[in-house]
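Student: Could you walk me through this structure before class?
Tutor: Gladly, let us look at it together.
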Amino acid sequence: MGRLSADDWAEAALAALAEGGVAAVAVEPVAARLGVSKGSFYWHFANRRALLEAALRRWEAQTERVIARLEDVADPLERMRVLLERAFGEGRDAAIAFRLISEADDPLVGEVARQVSERRLAYMEGVLRELGLPRQEARRRVLAAYGGYLGVAALVRIGTIREMPDDLAGLAMAELGLTGNDPSGPP
């Protein structure tokens, strides 16, 4: 492997976080994951906390990239479907979100988890508003759907289920009331 960048370290730290939580973001295990000695770590980061911060900012930036790509989808119903398929199809993000929310007592972790969750909720609510739902109803439906997403991540984490079940995106669309042609009707 060539010389590693700070982004390589942050990505490996994010993978470690998904698997083992904040405690897993430690220099030696992340170095082992990358197949290098821990000495190369210090070229990029002053300490473990700086690595954790870089990993968290990377996760936050990934949320923004997903949202930016969704803007290319003109139809809001299709945009929501694509978002949910990506969210439920990629278990790592759900694992990260669940772990960060579970470890939100750490001020840095809590702040990033809050910012990302608020951004996601606001985006989803905006799509439902675009579909004609009133603000309060859109918020209620989005909270239920996002709570379900995190709940499934929790069930995977504790071993109740091994992986995300098939067609969770379809179930989430139904929870959002987006199975028929009229999203303003009952979910």
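What follows is a short chat about rings and the core.

Tutor: This is a predicted model, where local features need pLDDT of at least 70, side-chain atom pairs count only at pLDDT 80 or more, and totals for chains, interfaces and linings use all residues. Residues are numbered from 1 along each chain as its sequence is written, and side-chain values use heavy atoms, with hydrogens and water left out.

Student: OK, how many aromatic pairs are there?
Tutor: The structure holds 4 aromatic pairs, where rings of Phe, Tyr and Trp (its six-membered ring) pair if their centres lie within 6.5 Å, and planes under 30 degrees apart count as stacked, over 60 as edge-to-face and the rest as tilted. Among them, Phe41 and Tyr42 are edge-to-face, at 4.8 Å centre to centre with 90° between the planes, while Phe41 and Phe45 are stacked, at 5.5 Å and 25°.

Student: And which residues do ring pairs link into a cluster?
Tutor: That cluster is made of Trp9, Phe41, Tyr42 and Phe45.

Student: Is Phe41 buried or exposed?
Tutor: Phe41 is buried, with a relative accessible area of 0%; buried means under 20%, exposed over 50% and partly exposed in between, using a 1.4 Å probe and protein chains only. Phe45 is buried too.

Student: Switching topic, what about the largest nonpolar core?
Tutor: That core has 59 residues, and those with the most contacts inside it include Trp9 and Leu84. Such a core is a set of buried Ala, Val, Leu, Ile, Met, Phe, Trp, Tyr and Cys residues joined through side-chain atoms within 4.5 Å.
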